[in-house]
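Thank you for making time for this.

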Amino acid sequence: MKQSVRLMVLQKILRPIVRFMLEAGHSIQDFIEVLKLVYVQEARDIMAEEGKKVNPSRLVMTTGVHRLEVNRLLEVDKPDPSPKGNMLYRIIGQWEQKKRFQDKNGKPKVLTYKGPDSQFVKLLQSISLCLIPGTVLFELERRGIVEKTPKGLKLISTIQRHGLDSAEKYDTLGDDVHDIMTALQENIERPQEKRDPGESGNLHLRTEYDNVYVESLADIRAWLVREGKKFHQRAREYIAKHDRDVVDRDGEAGG
């Protein structure tokens with residue numbers, strides 16, 4: 001892609017981002033500070049992915065950020081912690097999809113949760129040995145995802161966006177923007193004719209109508225939410241059959 005085209009695309013991408021900053025009262029100085037940090041982070045990550053040695057001099061040459069600034073940003077840069085919501089998604093996914101945690105109808109079991117050998121502890125251990133059962137249980141209860149019953153712990157709600165706090169919702173927004181841009185860039189740079197036989201690109205469809213009756217908008221949005229949830233339920237059931245956390249079989253995982 002020509003540089004002029006990239007800059008034109010960048011201007012369009014930045015419009016909602018700048019509006020997001022302005023509505024929160026952030027100045028251009030705030031934006032520039034974050035931008036410099038991200039430039040250094042991304043340049044560092046690209047060098048590491050390419051097997052190149054990462055040092056301040058190379059970062060200065062690649063980013064155009066002043067050396068003193070690069071050194072300062074490297075000092076304050078900390079690895080982004082995994083959003084709390086992501087781990088909860090994994091726990092609920094295991095509970096919903098793994099047979100040992102399902103009843104005879106394929107629904108999530110009511111799990112015992114008291115003691116180190118409880119079914120709930122086994123569920124957490126199937127994901128990570130570092131999870132603290134009491135802490136996870138507290139978080140699941142706080143979000144209204146589980147409830148304690150006389151028979152054990154019952155899954156009453158999958159974690160939806162409303163189950164995330166404000167910081168996690170904005171983190172999810174960042175993930176969504178990143179994923180959309182990555183998917184579209186892959187489609188543009190590797191069109192179908194350049195792919196191996198049987199290799200698909202990324203799904204990117206857009207349906208747009210601009211003369212819809214205003215009285216119908218609420219019904220249309222409700223229909224999209226309802227059908228979208230059904231699709232993602234089918235997607236979870238299908239993809240779970242190919243996930244090592246759910247189905248343990250030979251082969252390379254981590255994709």
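Where in the chain does Ser118 lie? Ser118 sits in the loop between α5 and α6, where helices (H or I, at least four residues) and strands (E, at least two) are DSSP runs numbered from the N terminus.

Before going further, a word on the basis of all this: what you see is a predicted model, in which local features need pLDDT of at least 70 and side-chain atom pairs count only at pLDDT 80 or more, while totals for chains, interfaces and linings use all residues. Residues are numbered from 1 along each chain as its sequence is written, and side-chain values use heavy atoms, with hydrogens and water left out.

Ser118 is buried, at a relative accessible area of 2%; here buried means under 20% relative accessible area, exposed means over 50%, and partly exposed is what falls in between, with a 1.4 Å probe and protein chains only. Not counting residues up to four places away in sequence, Ser118 touches Thr112 and Tyr113, a contact being heavy atoms within 4.5 Å.

By a nonpolar core I mean a set of buried Ala, Val, Leu, Ile, Met, Phe, Trp, Tyr and Cys residues joined through side-chain atoms within 4.5 Å. The largest such core has 18 residues, and those that touch the most other members are Ile91, Trp95, Phe120, Leu123, Val136, Leu140 and Val146. Two or more residues each are given to this core by α5 (84-97), α6 (119-125), α7 (133-142) and β2 (152-155), with α5 providing the largest share, four residues. As a general background, nonpolar side chains in soluble globular proteins tend to be buried together.

Next, the aromatic rings. Rings of Phe, Tyr and Trp (its six-membered ring) pair if their centres lie within 6.5 Å, and planes under 30 degrees apart count as stacked, over 60 as edge-to-face and the rest as tilted. By this rule there is one aromatic pair, formed by Phe20 and Tyr170, which is edge-to-face at 5.6 Å centre to centre with 65 degrees between the planes. Because Phe20 belongs to helix α1 (residues 3-23) and Tyr170 to helix α8 (residues 166-189), the pair ties together parts that are 150 residues apart in sequence. Phe20 is partly exposed at 39% relative accessible area, whereas Tyr170 counts as exposed at 52%.

In one of them, the side chains of Glu189 and Arg6 meet at 3.6 Å, N to O, linking helix α8 with helix α1 across 183 residues. Glu189 is partly exposed, at 44%, and Arg6 is partly exposed too, at 36%.

Which residue forms a salt bridge with Arg72? The partner is Glu33, with the closest N and O atoms 3.0 Å apart, and this pair links Arg72 in helix α4 (residues 67-76) to Glu33 in helix α2 (residues 28-49), 39 residues apart. Both belong to a network of salt bridges in which Glu33, Lys36, Glu69 and Arg72 are linked.

Methods. Salt bridge = Lys/Arg side-chain N within 4 Å of Asp/Glu carboxyl O.
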